[in-house]
Amino acid sequence: MIWVPIDRKRDIPFIRQVYTQIRTQILQGNLLAGERLPSTRQLANELDVSRNVVLEAYEQLIAEGYIEARRGSGTFIAEGAYLEQLHNTRSDPFYEREQPVDEEDVIDFRSGLPDLQFFPRKTWAKLSYDVCMNSSHTVLSYGYPEGRPELRQALARYLVKSRGVQCQHHQLVITSGATQALTLVAKLLLKKGDQILMEDPVTKDIQTIFSTPGSIIHPIPVDEHGMRTELITPDLHPKCIFVTPSHQYPLGSTLPIQRRIQLIQYARATGCYIVEDDYDSEFRYDGAPINSLQGLDANHVIYVGSFSKILSPALRLGYLILPSRLIKECRMLKWFTDLHTPSLEQITLGRFMEEGYLERHIHRMKKIYKKRRDHLVEVMEKHVSQQMKILGHSTGLHLVAECQQTVFTEHFVKKMHDNGIRVYPVEDHTIEKGKHQNRMILGYGHLCEEKIEEGVRRLAECLG
């Protein structure tokens, strides 16, 4: 006896429903080897479906080895198709993971999110269409691990002008976002037991990426001027130093020239590399963006950038600028990672940059984000000025609030979430714990002014 219920309200073809449910019952042992299945005509009548539905479901099961047809005898469950279940599973093979609790009313101060409603869709669509329809068919083939020359050339020109880097297009490797870029750097430079010096605090994902090869992270504390370079002692022997000099994440400080020079002198003396993550410095509100550290010494600095904060995280486009002696090996690593980053998107972005759209978009968004930053600072001064001090708000899409008497424990963060606000403790990103428990990260780039104000009001309620 076989039970195969059909749900006519589901947007799942009947063939798939019949196939999946019989398959599941075989795998779970509810239908045993040698057991005869109903004829296709009989099962179709029982289910009130076309016989072709059952025929196609049976054919698929036969092709995959779950059942076998015996001429003149019928269709039977095949031997060896039972798989012992190691975990509890739902009997409904079409069970979809439950959706999270509706959080429409939760104001999320997540950092690093651009306002995607301003993504230049029409311009991007026009360029994408033109690239797709009018490019040579060769761009649809396998590409280069280092990326399309159209994008690398456009990017090199842009970065020399806007970020003060020393860069030729052959030094660039295009990656699938900054995460892949950092992962390639970790593979390129580190092996088990190697030391890396790293800002503390720093994004916890970056800690994971650089510790994955089995390397040892040595934390260097950050103050209001970035990494405390005076704490880098001669007894340390790192393979690389990780910094976010233009806008330290998460505290927001800027590394002054004196400390930059100390880092470069140390790298020259020890032969290590500096990894510069320049994740959102285009959005500096009190002047032009700070020039890159890489521009001071292209031989000892690996520069990492991406378009996730500038345009959209969904593009998954990032890049590395490498010292010449690392280029060949990095290209090889990239090739064996994913061959290359999608070509059509690269060409579209190259056109977007060459025709001036990127600079215009940054200019527009900088005004919008500055207005939101100013509004956040204003409403915080109005509602929580007695409890909080604001840090690191000169650049980027977030700031840090330092509380006088509040510690952002897991319990307190949950209390804020229950009150309709999500914030992010700095302590979550620390290597040495216990030094930043009274600080939280407030991202504002994706929030309109009304939500910013309401979020701060809810924050004040929690602190009160």
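This is a predicted model: local features need pLDDT of at least 70, side-chain atom pairs count only at pLDDT 80 or more; totals for chains, interfaces and linings use all residues.
**Surface patches, strand pairing and salt bridges**

Glu453 is placed in helix α13. Together with Glu378, Glu381 and Glu450, Glu453 forms a patch of negative charge on the surface. Two helices, α11 (357-383) and α13 (449-463), each contribute at least two residues to this negative patch.

Ile257 belongs to helix α8 and, because its relative accessibility is 41%, counts as partly exposed.

The search for salt bridges across the whole structure gives 28. In one of them, the side chains of Arg422 and Asp108 meet at 3.8 Å, N to O. Arg422 is partly exposed, at 25% relative accessibility. Asp108 is likewise partly exposed, at 25%.

Other salt bridges lie within a helix. Lys334 is paired with Asp338, and their closest N and O atoms are 3.0 Å apart. Both residues are in helix α9, where a spacing of four residues corresponds to about one turn of the helix. Lys334 counts as buried because its relative accessibility is 0%, whereas Asp338 is partly exposed, with a relative accessible area of 28%. In helix α13, Glu461 forms a salt bridge with Arg457, with the closest N and O atoms 2.3 Å apart. Glu461 and Arg457 are four residues apart, and therefore about one helical turn separates them. Glu461 is partly exposed, with a relative accessible area of 44%, and Arg457 is also partly exposed, at 35%. Glu461 and Arg457 are part of a network of salt bridges that also links Asp105, Glu454 and Arg458.

Strand β6 (residues 195-200) is mostly covered, with five of its six residues buried. Strand β6 pairs with strand β7 (residues 216-223) in the parallel sense, over six bridges. Within this pairing, Met198 has Pro219 of β7 as its bridge partner.

Several backbone features were also noted. Most residues other than glycine have a negative phi, and most peptide bonds are trans. The peptide bond from Asp200 to Pro201 is cis, with omega near 10 degrees. Pro201 is in the loop between β6 and α7 (204-211). The bond from Tyr249 to Pro250 is cis as well, with omega near 10 degrees, and Pro250 is in the loop between β9 (238-243) and α8 (257-270).

Positive phi values occur at Arg316 and Leu339, neither of which is glycine. For Arg316, phi is near 50 degrees. Arg316 is in the loop between β11 (301-306) and β12 (318-321) and is partly exposed, with a relative accessible area of 34%. For Leu339, phi is near 70 degrees. Leu339 is in the loop between α9 (327-338) and α10 (343-354); its relative accessibility of 29% places Leu339 among the partly exposed residues.

Key. Residues are numbered from 1 along each chain as its sequence is written. Side-chain values use heavy atoms; hydrogens and water are left out. Patches are made of residues with over 30% relative accessible area and no salt bridge: like charges are joined within 9 Å, nonpolar side chains (Val, Leu, Ile, Met, Phe, Trp, Tyr) within 5 Å. Accessible areas come from the Shrake-Rupley method with a 1.4 Å probe; for residues, only the protein chains shown count as cover. A salt bridge is a side-chain nitrogen of Lys or Arg within 4 Å of a carboxyl oxygen of Asp or Glu. Lys and Arg count as positive and Asp and Glu as negative; His and the chain ends are not counted. The place of a charge is taken as NZ of Lys, CZ of Arg, CG of Asp or CD of Glu. Buried means under 20% relative accessible area, exposed over 50%, partly exposed in between (1.4 Å probe, protein chains only). Two strands pair if DSSP finds at least two bridges between them.
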